[in-house]
Amino acid sequence: MRRIINKLLHSSIKHKLIVLAMFVSGVAIFLLSSAFILNDVRDAKHSMVQEIALLNKVIGSRAISRLAFDQESKAEKDLYDLYQIPSIRLACLYKNNGELFALYLKKGESLSCPKKPLQFGYWFNWSSLVIYQKVFSLGGQADGAMYIESDLNEIYSHLAIYAVTTSIVIILVIIIAYFLTVRLQAVISTPILSLVGSMQSIREVRDYSARAKILYNDELGLLANSFNEMLSEIERRDQFLEQKVQERTEDLEYALKVKEDFLSNMSHEIRTPIHGVISFVRLLVEEWNTSDDDILFNYAQRAHKSSDRLLALINNLLDMSKFEKGAVQLERKELLFSDLIQTVIAETSGVVEAKHEKLVFQPMANEPLVEVDEGRMAQVMTNLIGNAVKYSEKGTIRISQSVNPEAIFLDGVAQAPGMIISISDEGIGIPEDELVKIFDKFFESSLTKTKAGGTGLGLAISREIVKAHLGTIWAENNKNGIGSTFTFMFPLKEIPGVTQITEKYV
């Protein structure tokens, strides 16, 4: 039995459906037939009890009247009329004292009257019905008792007929269920097999563009449609992941290239001031007693410049590290941003004049106060002006200042006024595909690698400072095709509870 069950569990859906339909049909017919047969048997037994009880009363009353005259033979003759009912096997007539007075025994039977019948009433055993009740004379007096035993052959005949009929019906129903299941299984199993085939194809070739056929607009059709929607979602995600992997690969390749360029450039940038310091300090020591003061001062001045350059480089690296760790705290205070710009212009005027360039700035009228970290914003202005000077030759550098009441975007909605600062030059410009990358740390434009040099940290630090002020910064090439413009904007006042805004470039 266990082997049959295991074989069935591992069989096809078609076989399972057939077996299930046959089993359910057979059980249903069996239960219905059993209920009908049991009800019919109960009715037959009830009718039989009533019939024999009536005979008991009629024939028993007639036979009991023979007791007064002790006519035993006539009493037995009266009981003999029971032969007309073939089911009665034995009838016994008792006196009130329990003594047997007369009996009827069906021909061919080997029964005997019980010496002490049980309590009055009726009961069934496996093969017969027994009735034992008092018999009343015509005067209404209980003069004796009657014991009748009848076989159940008639009931068993009905049962046999019912059993045969039920078996035939069950067989017919199973046959019909088989053919119906064979026809219906195609409706059920064909869509499922199609779905399984699609799954196997997808598993083998990893082709998520495959789709299951929708044969019917029923639950299986809904399942197939849901499966196709799932494949579409997987396909979209797969394409999205492939795109992301490609982007991450490109970013990684770019990061590796930037790292290589940075290591190469940084080693040069660090070695140059260190060698300058070492060389001029050594000359100071060697020629201290032989050279005049002007030569010694020149050595010391050059060593000082090299030291400043090295210190600036180290400070930039430290600043970048602090911003990446979020360890920079702004020291905001109210000021006029034009005053800050004027201060930076004065500090960088020597570099501007050395390159024979011109720097133009006109403060705006009715300028509002801003809340910023003066030192950090001065660092941004110094970096941007320094870049404009570095990558220009005898041009004009223009600084503009304005206020936009809806410059700052929070969650994509313009909400806060902001100040906009632009530094425009007439230099070599920036390749269009590098307008965003130039703000990455250690990045150096392809147009500047052989022209000016640098560590690639100035713009990255400037972006972090502006972001810390809830601002944004970006670069654009000038529309006339000469030079570029760097623009940054920031809210006039600190916005409590806000840590970032929507940037033009992320």
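The following questions and answers go through a predicted model of one protein chain.

Student: What kind of model is this, and what pLDDT do local features need?
Tutor: Residues are numbered from 1 along each chain as its sequence is written, and side-chain values use heavy atoms, with hydrogens and water left out. The model is predicted: side-chain atom pairs count only at pLDDT 80 or more, totals for chains, interfaces and linings use all residues, and local features need pLDDT of at least 70.

Student: How many helices and strands does the chain have?
Tutor: Helices (H or I, at least four residues) and strands (E, at least two) are DSSP runs, numbered from the N terminus. By that definition the chain has nine helices and 12 strands.

Student: What percentage of the residues in the chain is buried?
Tutor: Buried means under 20% relative accessible area, exposed means over 50%, and partly exposed is in between (1.4 Å probe, protein chains only). Of the 506 residues in the chain, the buried ones make up 37%.

Student: Among contacts between residues at least 6 apart in sequence, what share joins residues at least 24 apart?
Tutor: A contact means heavy atoms within 4.5 Å. Among the contacts in the chain between residues at least 6 apart in sequence, the share that joins residues at least 24 apart is 66%.

Student: Which span should helix H8 have, and how far apart are its end C-alpha atoms?
Tutor: The expected span of a helix is 1.5 Å times one less than its number of residues. H8 covers residues 374–390, which is 17 residues, so it should span 24 Å. This agrees with the model, where the end C-alpha atoms are 24 Å apart.

Student: Is H8 largely enclosed or largely open, and how many of its residues are buried?
Tutor: The buried residues of H8 include Met 377, Val 380, Leu 384 and Ile 385. H8 is largely enclosed by the rest of the structure, because the number of its 17 residues that are buried is 12.

Student: Which residue has a side-chain oxygen that reaches the backbone nitrogen of Gly 375?
Tutor: A polar contact is a pair of N or O atoms within 3.5 Å; within protein, one must be able to donate a hydrogen and the other to accept it, and residues adjacent in sequence count only if both atoms are side-chain atoms. At the start of H8, the backbone nitrogen of Gly 375 has a side-chain oxygen within 3.2 Å, and that oxygen belongs to Asp 373.

Student: Which residue forms a salt bridge with Arg 398, and how far apart in sequence are the parts tied together?
Tutor: Arg 398 meets Glu 426 in a salt bridge of 3.5 Å, N to O. Arg 398 lies in strand E9 (residues 396–410) and Glu 426 in the loop between strand E10 (413–424) and helix H9 (458–468), so the pair with Glu 426 ties together parts apart in sequence by 28 residues.

Student: What is the accessible area of the nonpolar patch that holds Phe 179?
Tutor: Patches are made of residues with over 30% relative accessible area and no salt bridge; like charges are joined within 9 Å, and nonpolar side chains (Val, Leu, Ile, Met, Phe, Trp, Tyr) within 5 Å. Phe 179 lies in helix H4 (residues 153–205) and is exposed, with a relative accessible area of 52%. Val 164, Ile 168, Ile 171, Leu 172, Ile 175 and Tyr 178 are also in the patch. By the Shrake-Rupley method with a 1.4 Å probe, where only the protein chains shown count as cover for residues, the patch has an accessible area together of about 670 Å².

Student: Is Leu 470 buried or exposed?
Tutor: Most residues other than glycine have a negative phi. Phi of Leu 470 is near 65 degrees, a positive value. Leu 470 is placed in the loop between H9 and strand E11 (472–477). Its relative accessible area is 5%, so Leu 470 is buried.

Notes: A salt bridge is a side-chain nitrogen of Lys or Arg within 4 Å of a carboxyl oxygen of Asp or Glu.
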